[in-house]
Amino acid sequence: MSDFDTGPGGTDEKIPFMQQLLDSPLLLLVIGIVSPMVLYIVWGVMETIAIPLAQ
Amino acid sequence: MAEFRTCPDTGFKIDLNADKLIKWNAVTAVVFLLIGGLFGLLVALTRWPAVHLLDADLFYLALTAHGLDVLLVWCIFFEIALLYFTSAILLNARMVFPKIAWIGYWMMLIGALITNVAVLRGDSSVMFTSYPPMMAAQDFYLGIILFAVGALLGCLVFFATLHVARKEKTYEGSIPLVTFGAMTAAIIAVFTILSGAIILVPTWFWSLGLLSHIDTIMYRVIWWGMGHSSQQVNVAAQIACWYAIAAILFGAKPLSEKVSRTAFLLYILFLQLASAHHLLVDPGLSSEYKIFNTSYALYLAVLGSMIHGLTVPGAIEAAQRKKGLNKGLFEWLTKAPWGNPVFAGMALSVVLFGFLGGISGVMMGTEQLNLITHNTIYVPGHFHGTVVVGTTLTFMAISYWIVPTLWQKELVFPGLAKWQPYLFGIGMGLAATFMMGAGTLGVPRRHWDMTFADSAMGFDFPAAANLMMGLNGVAAVMGSIGAAIFILNMVGTILWGKAKVPAAAAPAEEAPAEPNVTGAATSYGSAGTMEVPGTFVLAMIFLVSFVLYYFVNWKYLSSVWGLS
Amino acid sequence: MGIFPPPQRVWWNQPIEKSEVMWITIAFIWALVMFFMMPYWHLVGEQNLSNEAYKIKPEVYAEKVETWAAKYTVREEGDTGIPVVRPPAGSDVYMLGRLWEWWPVLELEKGQSYRFHLSSLDWMHGWSLLPENINIQVHPNYEMIFTVKPTSSGEFGVICNEFCGIGHHTMVGKIHVVDK
Ligand code: HEM
Ligand SMILES: [Cu+2]
Ligand SMILES: [Cu+2]
């Protein structure tokens with residue numbers, strides 16, 4: 001693809017951080033697993049365990 | 001070494017392994033849609049009070065089979081096909097680990113068959129959610145576990161293919177937006193399957209007598225980590241298909257790569273939290289947990305969906321305007337190819353998914369509002385608005401393009417195909433609406449007899465509730481005919497379709513040339529001028545309906561008994 | 001073209017078109033409104049489900065309910081043999097779910113608040129109060145307690161809307177609400 005636009009700085013232009021993040025499938029995979037694991041599953045299981053016994 | 005052929009319609013280089021795997025996964029998906037759809041029709045006819053087709057035991061059996069075969073098996077087989085398509089083919093890359101992909105395929109198929117046999121045997125009518133302490137036969141769980149591991153292998157092949165394609169520089173720059181959407185689906189799928197493993201493996205041990213107790217709240221927390229997230233896989237996959245169809249039919253460019261990808265990132269970060277939708281009226285979980293999770297943090301994943309809801313039609317509007325369909329607000333829309341099932345199916349699914357599935361889902365997923373909908377038939381009404389007229393209809397639409405393209409055959413019944421999306425979309429859309437209406441009156445889901453004829457005390461629903469369940473039956477028949485026509489067309493095309501004349505005037509033809517185009521309407525950065533006024537107006541209509549419906553339900557809630 | 005890689009190497013810095021910016025702003029505001037509705041309703045709304053719950057053995061719960069019911073039974077519900085229990089206004093009331101009934105029948109006073117105890121002795125059940133349409137998930141081994149204030153009088157049905165086996169559709173209970 002010769003029409004590929006490399007941008008004003010050619011191939012030297014720095015790729016912004018967010019674009020680098022979005023271009024990293026494995027990093028996104030890790031985030032996409034860890035975040036709900038902690039916020040949803042671990043938190044939920046901890047609350048379940050913490051339910052007190054009836055007197 | 002991978003072998004390739006070149007697609008005569010699109011110019012893509014197609015790895016023959018990927019070609020075959022996509023075909024087998026897609027065909028298997030359609031077969032299970034047929035089986036599951038038949039069960040769905042039987043269920044709907046039983047819930048039609050005047051018909052009341054099946055006996056109670058068969059009804060609960062059919063309902064279990066329906067949920068499993070359509071929700072799990074149909075959707076996930078089709079999604080695996082999409083993963084291979086969006087990785088190997090869209091990236092012009094070789095498929096990595098085709099053997100593992102085949103092992104995955106067979107594990108999924110065998111797992112699906114094992115679970116189906118367990119259900120059909122009659123000793124595992126526990127619904128696809130299989131809440132303990134009600135126990136199914138052990139092979140019921142085993143089949144689902146096998147199926148899930150097979151799907152995990154599919155995701156693995158997808159990520160490996162992405163990785164190798166990038167290493168081998170089969171493309172320049174970033175992956176296409178559609179592949180990015182599929183990757184979002186794959187990421188959510190991995191989380192889905194891990195949650196499933198965490199809960200279903202112990203449950204399987206329990207059914208084998210190796211464990212004595214499964215905690216029911218913990219089960220529901222973790223099971224819905226799987227059950228709800230798998231719906232988010234459907235959403236992400238379906239939106240990837242929307243972008244694909246916009247590109248294929250219209251040569252539409254995303255309005256902004258940055259915005260659309262960020263919207264997918266919001267899915268990756270927050271969508272899975274909404275599994276808490278299912279736990280809002282369960283004991284013992286705090287309101288902090290419920291509110292934070294059910295709202296996807298701050299409704300950030302809903303924000304993502306609303307963004308896609310604008311950018312998908314927006315991309316089409318921009319492309320159409322560039323072609324000169326510039327009159328007024330809506331010429332781009334009225335002159336769209338409504339007779340082409342690829343477009344009609346997609347357009348209907350964008351609208352129906354948003355209005356029926358999306359709005360109702362957010363309403364129900366509100367902590368307090370869930371009190372007036374939980375486990376009523378409003379819930380199936382809602383998800384037939386998402387997973388049927390959204391996901392399933394989208395998958396049907398893209399099949400009208402994928403099947404003729406990959407098999408290089410003409411559709412056998414193009415005349416029927418023209419009507420099919422309307423029949424299915426409107427039929428199932430009405431069914432969803434009637435179920436939601438009946439749910440508002442308190443009609444329960446998963447229930448064989450809303451007249452309570454055999455109970456000591458009984459309860460009388462208002463006549464409107466019976467009427468709506470009857471209308472639901474009528475609409476379900478219409479939708480089922482639509483589904484049957486789709487299946488007939490696909491199977492017929494694959495088996496008896498005429499070979500395509502090469503270089504037919506397929507709309508996809510313009511696709512390869514597209515990246516060169518830099519017209520005013522689709523270039524970025526013309527900030528200051530409104531490029532997609534028509535879409536913006538439609539989006540505002542959506543928002544107003546959303547706001548009104550949301551607050552109507554708060555009003556309704558405020559009229560019921562006090563609870564604290 | 002969504003099916004091809006973006007034509008620019010650096011696409012992140014491309015400006016965003018105006019209607020997108022406007023829509024994102026509006027949608028984000030709406031997201032915030034919906035989020036804050038939930039805590040807001042906790043502060044001012046009358047319908048918030050308490051999350052108070054305890055782990056309890058089904059036998060223990062059954063005994064608690066039976067002892068309590070024996071104390072306040074006022075009559076039988078028709079010829080069903082099921083007791084109708086009328087506790088003092090504003091006190092604790094109990095209900096249990098089991099295959100396939102909600103037990104016992106309650107008689108409450110309109111406008112009074114009761115501490116309502118709910119649990120299952122066997123499988124999961126769905127407590128669905130009709131025609132109010134208030135729905136709560138009931139687990140075995142967990143006793144949940146919330147405050148209920150009937151604001152209308154008459155006869156109310158309690159059906160089961162969580163699948164609980166072949167008799168699921170016969171599981172119906174009752175609550176009478178009487179004016180003072
Ligand atoms: C052929 C058209 C279909 C018809 C007529 C149909 C009809 C129904 C009906 C009437 C119910 C029962 C509600 C109840 O009693 O609780 C139901 C449940 C359900 N349907 Fe469908 N449906 C169809 C297609 C689909 C598709 C394509 C999917 C998914 C992709 C789907 C997913 C489900 C699920 C998950 C349930 C819930 C099962 C459960 O409660 O365990 N349906 N369907
Ligand atoms: Cu029950
Ligand atoms: Cu039940």
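Tutor: Start with helix α8 of chain B (residues 287-294), where 6 of the 8 residues are buried, so this helix is largely enclosed by the rest of the structure. Buried here means under 20% relative accessible area, exposed means over 50%, and partly exposed covers what lies in between, with a 1.4 Å probe and protein chains only; helices (H or I, at least four residues) and strands (E, at least two) are DSSP runs numbered from the N terminus. This is a predicted model, in which local features need pLDDT of at least 70 and side-chain atom pairs count only at pLDDT 80 or more, while totals for chains, interfaces and linings use all residues. Residues are numbered from 1 along each chain as its sequence is written, chains are lettered from A and ligands numbered from 1 in the order in which they are written, and side-chain values use heavy atoms, with hydrogens and water left out.

The buried residues of α8(B) are B:S287, B:Y289, B:K290, B:I291, B:N293 and B:T294. Their packing partners come from three chains: α2 (25-49) of chain A, α6 (216-250) and α9 (296-322) of chain B, and α1 (18-44) of chain C. Just after the helix, B:Y296 adopts a positive phi of about 50°.

Elsewhere in chain B, helix α15 (residues 533-558) contains B:W554, which counts as buried at 3% relative accessibility. Leaving aside neighbours within four places in sequence, B:W554 is in contact (heavy atoms within 4.5 Å) with B:T366, B:Q368 and B:L369, and also with C:M37 and C:W41 of chain C. Although B:W554 and B:L369 are 185 residues apart in sequence, their C-alpha atoms lie 6.9 Å apart in space.

Chain C also meets chain A, with 14 residues of chain C in contact with 21 residues of chain A. Together the two chains bury about 1,600 Å², 62% of it on carbon and sulfur atoms, where buried area is the accessible area (1.4 Å probe) that two parts lose on being put together, summed over both. Of the area that chain C buries against chain A, C:R9, C:W12 and C:K55 supply 47%, more than any other three residues. Across this interface the rule finds 0 salt bridges, a salt bridge being a side-chain nitrogen of Lys or Arg within 4 Å of a carboxyl oxygen of Asp or Glu. On the side of chain C that touches chain A, β1 (52-55) and β10 (142-149) of chain C each supply at least two residues, and β1(C) gives the most, with 3 residues. That side divides into 9 nonpolar, 2 polar and 3 charged residues, with Ala, Val, Leu, Ile, Met, Phe, Trp, Tyr, Cys and Pro counted as nonpolar, Asp, Glu, Lys and Arg as charged, and the others, Gly among them, as polar.

C:E143 is buried at 1% relative accessible area, whereas C:K64 is partly exposed at 27%. A further salt bridge joins C:E107 and C:R86 (3.1 Å, N to O); C:E107 lies in strand β6 (residues 105-109) of chain C and C:R86 in the loop between β3 (83-85) and β4 (92-98) of chain C, so the pair ties together parts that are 21 residues apart in sequence. Here C:E107 is buried, with a relative accessible area of 7%, while C:R86 counts as partly exposed at 30%. C:R75, C:R86, C:E107 and C:E109 are linked in a network of salt bridges.
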